Amino acid sequence: MVEEKTVLTVSSSRKNDALTWGQDGFSIQGVEGNFRTLKIEEDEAISSDWKVKQDSSLTEYLDSYVYGQSISPTSSIYKLFAIYVKSMVHDLNGPEQLNVLDVGCGIGKNHPSYIDLLADKVNYLGLDAIDIHPNRDYPFICSRIETMSEFSSFHKKMDAFIFGTSLDHFENYEDVSKMINKMATPGAISIFWIGLHDVPLVAGEEGVRIFQRIFEDEGPLTVMGHFLKFVFLRFPRLFYALQRRRKRLKNNTNLDEFHFNYFRVKDLPEVLSCFGEIIDITMIPVTTSVFCTCQQPSNLTT
Ligand SMILES: C[S@@+](CC[C@H](N)C(=O)[O-])C[C@H]1O[C@@H](n2cnc3c(N)ncnc32)[C@H](O)[C@@H]1O
C-alpha cells in the first residue's frame with residue numbers, strides 16, 4: 001500500500017496513455033509516483049437530469065454509508081451481501097489475483113462493509129462519481145462509469161463487478177452493461193444488490209415492522225389497542241400510499257427524485273440478461289432486496 005494519500009487527476013483526453021493500477025494505487029505515463037485515487041476529469045457532457053438526481057440523492061448516499069456501519073436491518077443486509085459477494089467471487093478461482101470493480105461504491109472514506117470479507121483477497125477498486133473523500137483507504141477512481149470505461153487500460157481487465165444498490169441510479173442500464181462488457185474479462189461476473197419496488201414486497205416489509213411494533217407491549221389489551229389503531233388509522237393511509245405506488249409503477253411515473261429506474265421482480269430477467277447469463281437470483285426474505293449474479297460468456301470477444 002502507498003503511504004502518501006494523494007490524488008492523480010487526469011483529463012479524459014489522456015484515455016489512451018499507459019495507465020497502471022492495482023492495490024498500490026495508480027500511475028500514468030509522464031507523471032511520477034503512485035497515487036491512491038485516480039480522478040478523471042470529465043470532458044463529456046453530463047445530462048442535467050443525472051446531475052439533479054445526484055444532488056437530491058446525496059442525503060440518501062450519506063444514509064446508506066451510515067447504515068452500512070451501524071446496527072440496523074439495513075446493516076444486516078450489508079453483511080448478507082458481503083457473504084454473497086465473497087461466495088460468488090470465490091467461485092471464480094483464477095490463477096491470478098482477481099480484479100474487482102465496485103461500480104458506484106459510495107461516498108465513505110472506507111470501503112463499503114459488503115467488501116469486508118473480500119478486500120485483502122482481491123484487487124479491489126472502488127468507482128464513484130462523487131468526490132467527497134477523495135483520499136480513501138482503498139484504491140478509488142473518482143469518475144462516472146461512462147468516462148472510466150473509455151480508458152483503454154481498463155478494457156478487458158475486470159473479473160467481477162459489484163453494484164451495491166447503485167444500478168437504479170444510472171441513467172440507462174443498457175448503456176452501463178455495454179461499458180461493463182468493454183471492461184470485462186471472459187467469464188467475468190456482475191453481482192447486484194437491487195432494491196425492488198413491487199407493492200407486495202414493500203407492503204410485506206412495512207407489515208413486519210408494524211406487527212413488531214404492535215406486539216412490543218406484553219399486555220393483551222394494549223396489543224389489541226395498537227392493532228385496532230393500526231386497522232382504523234394507519235392501514236387506510238398505508239393502503240392509499242401503496243395504491244398510489246401501484247398506479248405510478250403502472251404508468252412509469254417516478255416514485256421519487258433519486259432514481260432513474262424502479263425495478264420489479266418481473267423486470268429482472270430482461271435487465272439482468274444485458275449483463276450476461278443469469279446464474280443466480282436470491283430474494284432476501286421479508287425485505288425488498290434481491291441479490292443477483294450474471295456471467296459474461298467465457299469466449300468474450302468484444
Ligand atoms: C445508493 S449509492 C450506493 C453506494 C454503495 N454501493 C452502498 O451500497 O453503500 C449509489 C452510488 O452510485 C453512484 N453513481 C451514480 N451514477 C454514477 C455514474 N454514472 N458513475 C459512477 N457512479 C455513479 C452515486 O454517486 C452513489 O454513490
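Reader: Where is the place of H133?
Author: H133 sits in the loop between β6 and β7. The model is predicted: local features need pLDDT of at least 70, side-chain atom pairs count only at pLDDT 80 or more, and totals for chains, interfaces and linings use all residues. Residues are numbered from 1 along each chain as its sequence is written. Helices (H or I, at least four residues) and strands (E, at least two) are DSSP runs, numbered from the N terminus.

Reader: What makes H133 partly exposed?
Author: The neighbour count. A residue is buried if 20 or more other C-beta atoms lie within 10 Å of its own, exposed if 12 or fewer, and partly exposed in between, with C-beta atoms placed from the backbone. H133 has 17 other C-beta atoms within 10 Å, so it is partly exposed.

Reader: Which residues is H133 in contact with, leaving aside its neighbours within four places in sequence?
Author: I107, G108 and K109. Contact requires that two C-beta atoms, placed from the backbone, lie within 7 Å. The C-alpha atoms of H133 and G108 are separated by 6.8 Å, and the two residues are 25 apart along the chain.

Reader: Why does R136 count as buried?
Author: R136 has 20 C-beta neighbours inside 10 Å, so it counts as buried. Its place is also in the loop between β6 and β7 (140-142). Not counting residues up to four places away in sequence, R136 touches R36, T37, K109 and G126. W50 is another matter: R136 and W50 are 24 Å apart in space, C-alpha to C-alpha, and 86 residues apart in sequence.

Reader: How do you know whether N252 is buried or exposed?
Author: N252 has 7 other C-beta atoms within 10 Å, so it is exposed. This residue lies in the loop between α6 (220-250) and α7 (268-273). N252 is not a glycine, although its phi is positive, at about 55°.

Reader: And V286: why is it called partly exposed?
Author: V286 has 13 C-beta neighbours inside 10 Å, so partly exposed is the label. V286 is placed in the loop between β10 and β11. That hairpin has 5 residues between the strands, and V286 takes a positive phi near 45° there.

Reader: How do you know which strands β11 is joined to?
Author: By bridges. Two strands pair if DSSP finds at least two bridges between them. Strand β9 (residues 184-195) has 7 bridges to β11, running antiparallel. Strand β10 (residues 277-283) has 6 bridges to β11, also antiparallel. I194 has V290 in β11 as its bridge partner, while D280 stands opposite T293.

Reader: What makes a set of residues a nonpolar core?
Author: Such a core is a set of buried Ala, Val, Leu, Ile, Met, Phe, Trp, Tyr and Cys residues joined through C-beta atoms within 7 Å. Here the largest one has 60 residues, and F81, V85 and A160 touch the most other members. Helix α2 (residues 73-90) gives the largest share, 8 residues. Leaving aside neighbours within four places in sequence, F81 is in contact with Y114, G164, W193 and F291. In soluble globular proteins, nonpolar side chains tend to be buried together.

Reader: Which residues come nearest to the ligand?
Author: G104, G106, R144, G164 and S166, out of the 21 residues around the ligand. A residue is near a molecule if its C-beta atom, placed from the backbone, lies within 6 Å of it. α1 gives the most to this shell, with 4 residues.
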